[in-house]
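Hi,

Here is the structure for your files. My notes on it follow below.

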Amino acid sequence: MRRALLAITGLAASTTAMVVLKGGPDTTQVAAQGGPVDGQPVAPGAGSAPPEAPAGAREAPAGGTASPRPIRTTARPPASRPGAGTRTPSAPRTSSRPAQPTTRTVTGPVVENEYGNVQVQITLSGSRIVNVVALELPEETAQSDQRSEQVDDRYSGSAGLVVQQQSADLDTVSGATATSESYRRSLQAAIDRAG
C-alpha cells in the first residue's frame with residue numbers, strides 16, 4: 001500500500017516539476033515574443049533563481065512531495081475595454097418600412113373628334129395606374145352626352161377598365177366609336193408621358 005502511495009505522489013511531483021520547468025502554453029507564447037513574464041525569466045537558466053510561486057499556491061509538504069495542482073506562471077494581459085481610445089463609426093440606420101411609392105398625376109392632350117374634345121388624366125402610384133378621370137368629353141347634344149357617359153363609366157375611375165388592364169388597349173364602347181378612340185389616344189399619350 002505504501003508503495004502505491006509513493007508511486008502516485010512521485011508521479012504527481014514529476015508532473016508538477018515538468019509543468020513548472022517546461023512552462024504552459026502561455027509561457028511559450030511570451031518566450032516567442034521575447035518578453036519576460038511577471039519580471040521573471042521565461043525558463044530558468046544557469047545562474048538564475050527558480051521562479052517564485054504565486055500567492056495561493058500550495059507548498060510542498062514536509063515529505064518532499066509537491067501538490068498535483070499545476071502552478072500558473074504567466075500573467076494575462078489586461079482585457080481591452082471597447083471604446084477605449086478609439087471610436088468605431090456606427091453603421092447608418094436603415095428603416096424597416098418599405099419606401100412608399102410616389103403618387104403623381106399625368107394629363108394627356110386634348111383630342112378632337114366630330115362630336116367634341118376628349119382629354120384624359122391618369123393618377124399613378126409608382127408605375128401603376130390607380131385612377132383615371134376624363135377632364136373633357138363631348139356634351140353638345142343629348143346623344144353625344146349619353147355616349148360620353150357610357151365611355152366614361154366604362155373606362156374611368158379607380159375600378160374602370162383602364163385601371164384593371166393598366167393600358168390603353170381597350171375595347172370600343174358600342175355606339176361611341178369616335179369618343180372611345182379619342183379617349184384611348186389621350187390616355188395613351190398620358191401613359192407615354194408618365195413612362
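Ser186 is found in helix H5 (helices are DSSP runs of H or I, at least four residues, and strands are runs of E, at least two, both numbered from the N terminus). Ser186 has 0% relative accessibility and counts as buried (buried is under 20% relative accessible area, exposed over 50%, partly exposed in between, with a 1.4 Å probe and protein chains only). Leaving out residues up to four places away in sequence, Ser186 touches Gly108, Pro109, Val111, Val118, Gln119 and Val120 (contact means heavy atoms within 4.5 Å).

This is a predicted model: local features need pLDDT of at least 70, side-chain atom pairs need pLDDT 80 or more, and totals for chains, interfaces and linings use all residues. Residues are numbered from 1 along each chain as its sequence is written, and side-chain values use heavy atoms, without hydrogens and water.

Next, the salt bridge. The count is one (a side-chain nitrogen of Lys or Arg within 4 Å of a carboxyl oxygen of Asp or Glu). Arg184 pairs with Glu181, and their closest N and O atoms are 2.7 Å apart. Both lie in helix H5, three residues apart, about one turn of the helix. Arg184 is buried at 13%. Glu181 is partly exposed at 36%.

Last, the core. The largest nonpolar core has 22 residues (buried Ala, Val, Leu, Ile, Met, Phe, Trp, Tyr and Cys joined through side-chain atoms within 4.5 Å). Ile122, Val132, Tyr155, Val162, Tyr183 and Leu187 touch the most other members. Strands S3 (116-125) and S4 (128-136) and helices H3 (142-155), H4 (161-165) and H5 (177-194) each supply at least two of its residues.

Best wishes
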